[in-house]
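Q: I would like to learn how an interface between two chains is read from a model. Please begin with the general idea and then turn to the case at hand.

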2 protein chains.
Amino acid sequence: MRSLGHQIVAEFYGCDKALLNDVAYIRNHMLEAAVKSGATIVTETFHHFSPHGVSGAVIIAESHLAIHTWPEYGYAAVDLFTCGDSVSAEIGFNHLREALGAGHVSTMEVHRGQIDMMSMGDQGQPAMKLVTSQTG
Amino acid sequence: MRSLGHQIVAEFYGCDKALLNDVAYIRNHMLEAAVKSGATIVTETFHHFSPHGVSGAVIIAESHLAIHTWPEYGYAAVDLFTCGDSVSAEIGFNHLREALGAGHVSTMEVHRGQIDMMSMGDQGQPAMKLVTSQTG
């Protein structure tokens with residue numbers, strides 16, 4: 001199946017709660033994840049919520065990385081959406097997993113933009129490639 | 001199943017190609033989608049690629065909206081991630097679908113951050129709620 005993009009929808013449970021509330025730390029590691037993945041950073045925005053929680057997105061030339069953290073639950077929702085063969089979302093995923101100290105992660109991988117759909121106008125839906133669940 | 005967030009992963013096919021390449025138009029309608037959804041906009045960033053394509057994200061107090069467009073294919077990848085009961089990702093989805101003139105859309109809905117996982121440390125994966133496919 002040919003598609004334009006590849007998205008990892010990741011759930012990080014059991015993370016370090018203090019790190020999840022540190023916007024500078026989250027931002028630095030999201031940017032590092034992008035660079036390590038081989039992505040070109042275009043723009044980014046991060047925000048710290050009161051009393052706790054961080055949200056942010058990095059727009060890369062190859063799509064985006066996004067994160068939302070719930071320090072009170074030790075949980076972070078991470079999306080890594082990439083396109084092209086030169087970028088590895090998995091590398092970014094592994095970097096963030098380690099940086100946040102995730103005790104358990106689960107992921108869903110989605111193919112975005114099915115080439116066959118571009119001209120057919122046929123029925124179609126996001127294609128799930130693989131679901132993995134890992135305990136670190 | 002109790003979860004912190006709700007994400008619509010949407011594929012918009014057969015969109016108006018000129019609109020998909022208009023960064024101001026995309027930005028305006030992404031912000032309008034957020035407002036109509038009942039979300040509180042925190043920050044946003046949009047970028048126009050050369051020769052064509054737009055990427056952007058709107059961080060809302062309730063998570064984010066993101067878009068990537070491929071005008072050459074008439075395709076846009078849209079993510080609407082919300083949390084809480086006061087925001088309707090569906091309203092934002094419907095707004096963008098109409099604004100971009102999508103001929104065919106498909107969606108996948110994912111529950112993010114399963115409450116039961118927060119304390120159990122058990123195996124788990126993102127929970128797909130519903131897959132719909134609609135031709136407009």
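A: A salt bridge is a side-chain nitrogen of Lys or Arg within 4 Å of a carboxyl oxygen of Asp or Glu. This is a predicted model, in which local features need pLDDT of at least 70 and side-chain atom pairs count only at pLDDT 80 or more, while totals for chains, interfaces and linings use all residues. Residues are numbered from 1 along each chain as its sequence is written, chains are lettered from A in the order in which they are written, and side-chain values use heavy atoms, without hydrogens and water.

Q: How many salt bridges are counted between chain A and chain B?

A: The count is 4. In a salt bridge with an N to O distance of 2.9 Å, the side chain of A:R112 meets that of B:D79.

Q: How much area is buried between chain A and chain B?

A: Buried area is the accessible area (1.4 Å probe) that two parts lose on being put together, summed over both. Here the value is about 4,100 Å², and carbon and sulfur atoms give 66% of that area. With contact meaning heavy atoms within 4.5 Å, chain A and chain B each contribute 51 residues.

Q: How many disulfides does the structure hold?

A: A disulfide is a pair of cysteine sulfur atoms within 2.5 Å. Over all chains there are 0. A:C15 is in none, as the nearest cysteine sulfur, in B:C83, is 17 Å away.

Q: Is A:C15 buried or exposed?

A: Buried means under 20% relative accessible area, exposed over 50%, and partly exposed in between (1.4 Å probe, protein chains only). A:C15 has 7% relative accessibility and therefore counts as buried; B:C83, at 16%, is buried.
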